[in-house]
Amino acid sequence: MQQIIVDVEISPDEWIKLYQGTATDVRTTARDGRSVRFPARILSRFYLKEGIRGSFRILFDDAGKFTSIERL
């Protein structure tokens, strides 16, 4: 199992675009410097009225398939 840690800040306005499907992926830089892209839907349970802000550990299998996410 592999993991990556990302810091994410998504405003409510940006989240609406992601939720409505205008945009579908989140692009950011991991703490180790890698550029990462992942489906916004994996963050949906962390959405608050202020948007999404925080650090997250994303776990994925050896084939690169998402397995889970947790807030740090």
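The dialogue below goes through a predicted model.

Q: In what order do the strands of the open sheet stand?
A: Three strands form the open sheet, in the order β1-β4-β5. Their pairing is antiparallel. β1 (2-10) and β5 (66-71) stand at the edges. Each has a single partner strand, so one side of each lacks a neighbour in the sheet. From one strand to the next, the twist averages 25 degrees.

Q: How many bridges join β4 to β5?
A: Five bridges join strand β4 (residues 52-60) to β5. F60 has F66 in β5 as its bridge partner.

Q: Which strands does helix α1 touch?
A: Helix α1 (residues 12-20) packs on the sheet and touches β1 and β4. Its direction makes about 120 degrees with that of β1.

Q: How do I read a pair of aromatic rings?
A: Use the distance of the centres and the angle of the planes. A search of the whole structure finds two aromatic pairs. One of them, W15 and Y47, is stacked, at 5.6 Å centre to centre with 20 degrees between the planes.

Q: Why does this pair tie together parts that are apart in sequence?
A: W15 lies in helix α1, while Y47 lies in the loop between β3 (35-39) and β4, so the pair links parts 32 residues apart in sequence.

Q: What about S55: buried or exposed?
A: S55 has a relative accessible area of 17%, so S55 is buried. Its place is in strand β4.

Q: What does S55 touch?
A: Leaving out residues up to four places away in sequence, S55 touches V6, D7, R31, E70, R71 and L72. With R31 there is a polar contact between the side chains, at 2.8 Å.

Q: How do side chains point along a strand?
A: In a regular strand they alternate between the two faces of the sheet.

Q: How do β2 and β3 go together?
A: Five bridges join strand β2 (residues 25-29) to β3, and the two run antiparallel. R27 stands opposite R37 in β3. β2 and β3 form a hairpin with five residues between them. In the turn, G33 has a positive phi of about 95 degrees.

Methods. Residues are numbered from 1 along each chain as its sequence is written. This is a predicted model: local features need pLDDT of at least 70, side-chain atom pairs count only at pLDDT 80 or more; totals for chains, interfaces and linings use all residues. Side-chain values use heavy atoms; hydrogens and water are left out. Two strands pair if DSSP finds at least two bridges between them. Helices (H or I, at least four residues) and strands (E, at least two) are DSSP runs, numbered from the N terminus. Axes are lines fitted to C-alpha atoms, for helices over the stretch in contact, and angles run from 0 to 180 degrees between N-to-C directions. Contact means heavy atoms within 4.5 Å. Buried means under 20% relative accessible area, exposed over 50%, partly exposed in between (1.4 Å probe, protein chains only). A polar contact is a pair of N or O atoms within 3.5 Å; within protein, one must be able to donate a hydrogen and the other to accept it, and residues adjacent in sequence count only if both atoms are side-chain atoms. Rings of Phe, Tyr and Trp (its six-membered ring) pair if their centres lie within 6.5 Å; planes under 30 degrees apart count as stacked, over 60 as edge-to-face and the rest as tilted.
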